[in-house]
Amino acid sequence: MIDRSEIISRMTGLLYPFILLFGFYIILNGHASPGGGFQGGAVLAAVFITRYLVEPDRCIRLKTLKTAEKVLFICIILYPAFFLFSTTANHSELTNLTYLIAMNFLIGLKVCSGFTIIFFRFAFYEGGI
Amino acid sequence: MTENIFLIALVVLAIVALNTKKLRRAVVYLGAFSLVSSFVYLLYGAPDVAIAEAIIGSTITTVLYLVALRKYQVFSIYYANSANDQNLRQLKNEPPFLTSLEAFLIKREMEPQLIYSGEPIETILAQEKFDLAIHHTDQDIWIYGCAEDYQIDAVEEYLLANHSDLNIHLIRCAEGDDNEA
Amino acid sequence: MKRRVITMIFTMVLAGLVTFINFDTNLVADPLIANFYLEHFHADTHTQNAVAAIYLNYRVFDSIFETLILLVSVSAVITFSWRRTDD
């Protein structure tokens, strides 16, 4: 961006701790209130995207995000495989809640890294400037 | 009853977004469309879908479309002057037909980017990614453009109408040979 | 002018169609499955949100393949990108 607006950059800089907090709230309360991993991950990705509007620099490491996404995907496959498919009986309340919160958190981080990679690929590596 | 009003608003916003002249306004109308549609999901009792639609529809895709429009609008013009020394000295103030060409492109929502090049025109054609390459010789002005670019026809029409005294020749190159962008 | 009139008529016809469809449809899904989930989800998974119970317990394959789709699309964006280098 050549001509950045001062008002927009200041206000977004002021807002994005709150957006980050809201994203983690949606992820961690996904089992009790509307929301969940996918929605919270999209909110977290929106934080990085508004950060691009404020200062478009290339200090985000896409390679690290790419490996993180693959590792998180393997975790997302493995945790239900060991937890849900091992028995047919019902689990206790504590283990169930741990499972739900951990799965929401993993899905949220994975969706966040996926959206961030797609957006910064388009912004920095595609055509034009 | 309330959802009927918002459903009609959805139809109106979609058709307004199709009918606008400027692409930027269409993007903003699409953001409003997703916001209203997320509210309709909320009225139907699906708050999870409403959150996902509000974030993806009106934040991420809007910013992505705006970035894409910005990248698409940059129109790079290479200008090579191989006339006599007298003309070369006048390079500091650009020739009048370039100024009016830039004003014309700005009116068509493009962002002209003028690059003065000292290299011969053959290397520019072979190596650089240009939208227009202008070669200024003693008598003639040669303009090279890409044949598939839809702006070229309008540019030719405009130049022939307003600067017919300047001996302008327009040459369309094939895509892929010398212009990958 | 003519174009504007045609657009307005088209908009009105479309709005009428949408309200007619909305008037006609039944908003509750198949009662058998919905009732099963609503009765059993709290005892099975100890959550308050039925949607989370469905996509993390009953239909966990659904969310696994959804994340797989995201991974594949990220790889496709990187592969078909204009410049293929990393970072």
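At what angle do the axes of α4(A) and helix α4 (residues 60-79) of chain C cross, and within what distance do they come?

Tutor: This is a predicted model, in which local features need pLDDT of at least 70 and side-chain atom pairs count only at pLDDT 80 or more, while totals for chains, interfaces and linings use all residues. Residues are numbered from 1 along each chain as its sequence is written, with chains lettered from A and ligands numbered from 1 in the order written.

The axes of α4(A) and α4(C) cross at roughly 20° and come within 10 Å. Helices here are DSSP runs of H or I, at least four residues, numbered from the N terminus; axes are lines fitted to C-alpha atoms over the stretch in contact, with angles from 0 to 180 degrees between N-to-C directions. The two helices, α4(A) and α4(C), are therefore roughly parallel (under 35 degrees). Their crossing is left-handed: the near helix is turned anticlockwise from the far one by less than a right angle.

On the α4(A) side, A:Ile107, A:Lys110, A:Val111, A:Gly114, A:Ile117, A:Ile118 and A:Arg121 take part. They meet C:Ser63, C:Thr67, C:Leu70, C:Leu71, C:Val74, C:Val77 and C:Ile78 of α4(C). Contact means C-beta atoms, placed from the backbone, within 7 Å. By class, this contact has nine nonpolar, three polar and two charged residues (Ala, Val, Leu, Ile, Met, Phe, Trp, Tyr, Cys and Pro are nonpolar, Asp, Glu, Lys and Arg charged, the others, Gly among them, polar).

Chain A also meets chain B, with 19 residues of chain A in contact with 15 of chain B. To that side of chain A, α2 (37-54) and α4 (93-125) each supply at least two residues. The largest share, eight residues, comes from α2(A).

How values were computed. Contact = placed C-beta atoms within 7 Å. Parallel < 35°, antiparallel > 145°, perpendicular 65-115°, else oblique.
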